[in-house]
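Let us take a walk through this structure together. Keep the 3D view open beside the text and follow along.

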Amino acid sequence: MKDKKFIILGLIVFLVIVLFPFWYMRGKAAPKPEVVLTEKALAAKVCVRSTEFMRAEHMQLLDLWRHSVVRNGERIYVNPDGKQYNMSLSNTCLDCHSNKAEFCDRCHNYASVRPYCWSCHIENPKEST
Amino acid sequence: MDSSRRRILQFLGLTGLAVTAKPVLNALAAEQEHGAAAEPTIKKDDAALEARQWAMVIDTREFHSEADVEPLVEACHSIHNVPRLENKNHEIKWIWPTHYHNAFPGKAARFLSEDVEHKPFLVLCNHCENPPCVRACPTKATFKREWDGIVMMDFHRCIGCRFCMVACPYGARSFNFRDPRPFIAETNKKFPTRMKGVVEKCNFCAERLAVGQLPACVEASEGKLTFGDLYDPESEVRELIRTHYTIRRKQTVGTEPAVYYIV
């Protein structure tokens, strides 16, 4: 047991390195992302579903939309209030939320998710190129 | 603690009741909520055009030069954001003109009428009734819509293996070897583009049929192309097939193409 002090020293170094992100960032939480609603979105007041639902489950909703449109050819979504929407990311979602950088990206960057929707779907349907 | 047999049995009974009552109450509560807020539903547009098998009749007698074909190709390629790549190996085509001997190999005789030999024949995906591309696809990215016979691509699922391109006897499919976006002259914002690494082809304008419009090429053709239900004996396409001699591309391979040519 004459190597005891080396082992303990090694363990301490190991812990310091492994826990580096925790002690380095201690007390410095990244600020919560602030999403910006466009005037059109503010005027509409409600989204396709309630804000809580959209916040928590928009990805499942979009997945359902994609499946219904592409594979079942069904393109109209009737929400619980009986209002009809064309199930289209570029033409419906981005019609109101035309500020992708301030709306979609802010949260996605914060949560470090990188959806690849935009490699095909047009992200600026309103802007003229 | 009083641990007589009676007390233990009483305790077990009450516990059992409590455990079973919770899910029942939960289910009842959920049902009440369900009654309050209706479930969202999904449906087709009321204006959507329906058929058992969409088919097209191309009247090749009306096409004489590239100039007759160009507006149709342009109509399709511009609304679907089809890129224009000069390199033949990278080319993307949904609908394009070709020579008779390429469109109908095996039907081209040693000597042909000059007219037929030189004029353009429009070719596109045949939306076969027995599509070999669908059988080849390992991810079901390409599939035949059971309700109207369109052979569709689900670009979300395509892994770019190109088995479908090998399987298609008509060369109707193109592969995106490059990111197509820089090569789209004017993007139609209503329709998505594709990305590098997926296969694409004509979709019989499924997105237009869904809102009650005819395919773009048919609309631009001013009557040279006819579109309709192959299984409706009263449809315009059936009427044309009944009254004219029509041929199909590579009929002998058994794919049952749904594009008919009046020659």
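Please keep in mind that the model is predicted.

Start with chain B, which is divided into domain 1, residues 1-42, and domain 2, residues 54-262. Taken over C-alpha atoms, the centres of domain 1 of chain B and domain 2 of chain B are separated by 60 Å.

Now look for strand S9 of chain B, residues 225-229. Is this strand enclosed or open? A residue counts as buried if 20 or more other C-beta atoms lie within 10 Å of its own. By that criterion 5 of the 5 residues of S9(B) are buried, so the strand is largely enclosed by the rest of the structure. The partner to find here is strand S2 of chain B, residues 54-59, which pairs with S9(B) in the antiparallel sense over 5 bridges. To locate the pairing on screen, pick Trp54(B), which stands opposite Asp229(B) in S9(B).

Next, turn to where the chains meet. The contact takes 20 residues from chain A and 22 residues from chain B. On the side of chain A that touches chain B, helix H4 (51-72), strand S1 (76-78) and helix H5 (89-96) each supply at least two residues. H4(A) gives the largest share of that side, with 4 residues.

A handy landmark is Ile76(A), whose bridge partner in S1(B) is Lys43(B).

How values were computed: Residues are numbered from 1 along each chain as its sequence is written. Chains are lettered from A and ligands numbered from 1 in the order in which they are written. This is a predicted model: local features need pLDDT of at least 70, side-chain atom pairs count only at pLDDT 80 or more; totals for chains, interfaces and linings use all residues. Domain bounds come from an automatic or database domain assignment. A residue is buried if 20 or more other C-beta atoms lie within 10 Å of its own, exposed if 12 or fewer, and partly exposed in between; C-beta atoms are placed from the backbone. Two strands pair if DSSP finds at least two bridges between them. Two residues are in contact if their C-beta atoms, placed from the backbone, lie within 7 Å.
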